[in-house]
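Have a look at it first, then read on.

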Amino acid sequence: MSKMLSVENLSISFRTDEGVITPVKGVSFTVEKGRTLGLVGESGSGKSISTKALMQLLPGTARLGAASRMIYTAKDGQQISLGNLRHGSKELRRIRGGEIGMIFQEPMASFSPVYTIGNQMMEAIMLHRGLKKREARQFAIGMLNKVGISNAAARVDQYPHELSGGMRQRAMIALTLSAGPALLIADEPTTALDVTIQAQVLDLMRDLQRELGMGMIFITHDLGVIAQIADDVAVMYLGTIVERGPAKEVIRNPQHPYTQGLLDAIPSLDHLHDRLKPVPGDIPSPTARPGGCPFHTRCTQAIAGTCEVHEPPETSAIPGCAVRCWLHTSQGRSAA
Amino acid sequence: MLRFTLERFAGMVVTMLLVSVMVFLIMEIPPGDYADRYAFRKYSGTGVNVTEADIEAIRRDLGLDQPMLLRYFDWIGGIVLRGDFGQAFAFETSVAKVIGDKVWLTAGILFATLLLTYLVSIPVGIYAAVRRGSAVDYGLTVFSYLGLALPNFLLALVMLYFANRWFGADIGGLFSDQYRDAPWSLAKAWDMAKHLWLSAVVLAWSAVAYQIQTVRATMSDELNKLSVTAARARGVPELKLLVKYPARLAINPVVSTIGFDVNRIFSELPIVAVVLGLTELGELLLKAYLDLDMNVAGAILLLLTFAIVFMNFLSDLLLGWLDPRIKLGV
């Protein structure tokens, strides 16, 4: 498998009225062709911001850390440093949509309400595939068919509000894929949908990914969804990846106390009488990021004198997996 | 769109009818009528003893003794069927002759002011929202407060002074001397345009200041919409993106208040007109009211309200085109 995206040491800070905050700190991950990386974490853990940085979609107050590297291998094999693309450049516009496509959580809000589905699809198709209007329309109808929208020839002229929630997200997938991206970033695409629709959309995305051979970054807060769709997983907490590895391995044998907490928090049909077990405490505000290990304020296994003082290094106990936790270092174990 | 247009058109016609009734009632409200005023004018100081019967005779001559309902239908019927606004009593000629040219001049000023307001405030407001928090944005905010705080007539005086100093424009009026009484021609129209811009700038000043802030606020909201980020993530070029996605919705409140702007400009017109030496309808309206010359007052009020209702109709159509959800009724 070839690496199509390699992110190293990504740090993102924002200038705010309360000073500089750094919601993403030293994040590294890779995406391989045809595979899915799941980014998991609570709201505010920096999942979305990290992926928005790839396409320079962050507001003007955002700054990337000096050591941040984001190398993307384009469809033609060219290596592109995503952080260095000039604003408004043709190359950036080609990357946006044509190389990397993005699907968002709210299908209703991601369509403009004043243009038809077809209008917005044809715009992307004409931009990235160089087709004429008539051909673009045919292409759009074909794409709507592909994502399982019945009567696509009529739907293409409808407005977003005329579609149901699930249909809208299917149409959004069609819109994003119609530009022909090699890498798909899906930012909680099923969170706003009913559970039954959720499963359909997940199936659809997995099938399309296989068929088109795309790489995918799937952002979610739900480890259950990760189990269904991701090959690899990276668990984020307060802007840092605390654990990563093959999805099966991480879910079966979580190393980090935070990952363990997230898995315990999933309600189970086998234990209906048990109370739910949420991860204790609240996620701290990014303006008050705890020193040392960011998770120590909520960790039940924190080692006093170590975890709140020093940031843990990334270690690898199981091959292919990595974890940032003092419990998994020789130093930490002796301190405990 | 056709159905939507027809519906709105029907609505406009009904509104105009109701408005004409109201205008007629407003004409009836002041105590006394032109018959009293005429008798007073003709005989005061002459020593002639005027009796009720004399006034009644005048009233009959003028047709003012008819019942109200009849006079309304007579009045509105004349306007709708023959374009005849009736007799301007105080001027002893037809209303059409009295208001004639002034209607076109007033309409010209109104239209020029509206056009200038939107041509300036919409792009500038969009620019301010895109460059939010920059020096230019703050500068525009300061200008807006200045624009709203400065009285129009003061601005008119200052503008007159500088227009005369720098551009050698004649002071006041809508025409140069040689064209004032000349028949309409291309040269006369051009001469009017040269005078018109000053009035348009003065009248548009505060509206521009106000609408810049409106567009800036709605555009700032629209820029944060997910659909804009989504379009950007599809690689739509920035300028095309701004016009197609956020700007189209951001000008919504400006378009929906076109009718209000017409009314506001007309209300501000008389004061500015005094300073700039314009002959327009507002001043005439006041005079007609003082004279109890109700046909003139009614014609002006009716034309103004029709202009507002018509502009509202246009703004409805524009809104329906800008945001198809409106005409689909969702």
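## The largest pocket

Helix 5 of chain B gives the most to the lining of the largest pocket, with 5 residues. Helices here (H or I, at least four residues) and strands (E, at least two) are DSSP runs, numbered from the N terminus. Each of the following supplies at least two lining residues: helix 1 (47–54), strand 4 (62–64) and helix 2 (90–99) of chain A, plus helix 5 (95–130), helix 9 (186–223), helix 10 (226–233) and helix 11 (238–250) of chain B.

The pocket holds about 1,400 Å³ of space and is lined by 40 residues. Nearest its centre lie A:Leu58, A:Pro59, A:Gly60, B:Val130 and B:Arg232. On a 1 Å grid over the protein atoms alone, a pocket is an open set of points with protein on both sides within 12 Å along at least five of seven lines, whereas a cavity is a set where a 1.4 Å probe fits but cannot get out; lining residues have an atom within 4 Å of a point. Points are joined across faces, edges and corners, and the volume is the space filled by probe spheres set on them. By type, the lining splits into 20 nonpolar, 11 polar and 9 charged residues (Ala, Val, Leu, Ile, Met, Phe, Trp, Tyr, Cys and Pro are nonpolar, Asp, Glu, Lys and Arg charged, the others, Gly among them, polar).

## Ground rules

This is a predicted model, where local features need pLDDT of at least 70 and side-chain atom pairs count only at pLDDT 80 or more, while totals for chains, interfaces and linings use all residues. Residues are numbered from 1 along each chain as its sequence is written, chains are lettered from A and ligands numbered from 1 in the order in which they are written, and side-chain values use heavy atoms, with hydrogens and water left out.

## Salt bridges

Across all chains there are 23 salt bridges, each a side-chain nitrogen of Lys or Arg within 4 Å of a carboxyl oxygen of Asp or Glu. B:Arg232 pairs with B:Glu238, their closest N and O atoms being 2.9 Å apart. B:Arg232 is buried, at 17% relative accessible area, and B:Glu238 is partly exposed at 35%. (Buried means under 20% relative accessible area, exposed over 50%, partly exposed in between, with a 1.4 Å probe and protein chains only.)

In helix 13 (residues 258–276) of chain B, B:Glu268 and B:Arg264 sit 4 residues apart, about one helical turn, and their side chains form a salt bridge (3.2 Å, N to O). There's also a network of salt bridges linking A:Glu123, B:Arg234, B:Lys240 and B:Lys244.

## Inside chain A

A:Ile217 belongs to strand 9 (residues 215–220) of chain A and is buried, at 0% relative accessibility. Leaving aside residues up to four places away in sequence, its contacts (heavy atoms within 4.5 Å) include A:Leu5, A:Phe29, A:Val31 and A:Leu183.

Helix 11 (residues 257–264) of chain A is mostly covered, with 6 of its 8 residues buried: A:Pro257, A:Tyr258, A:Thr259, A:Gly261, A:Leu262 and A:Leu263. Among what covers them are strand 3 (36–40), helix 9 (223–229) and strand 10 (232–237) of chain A.
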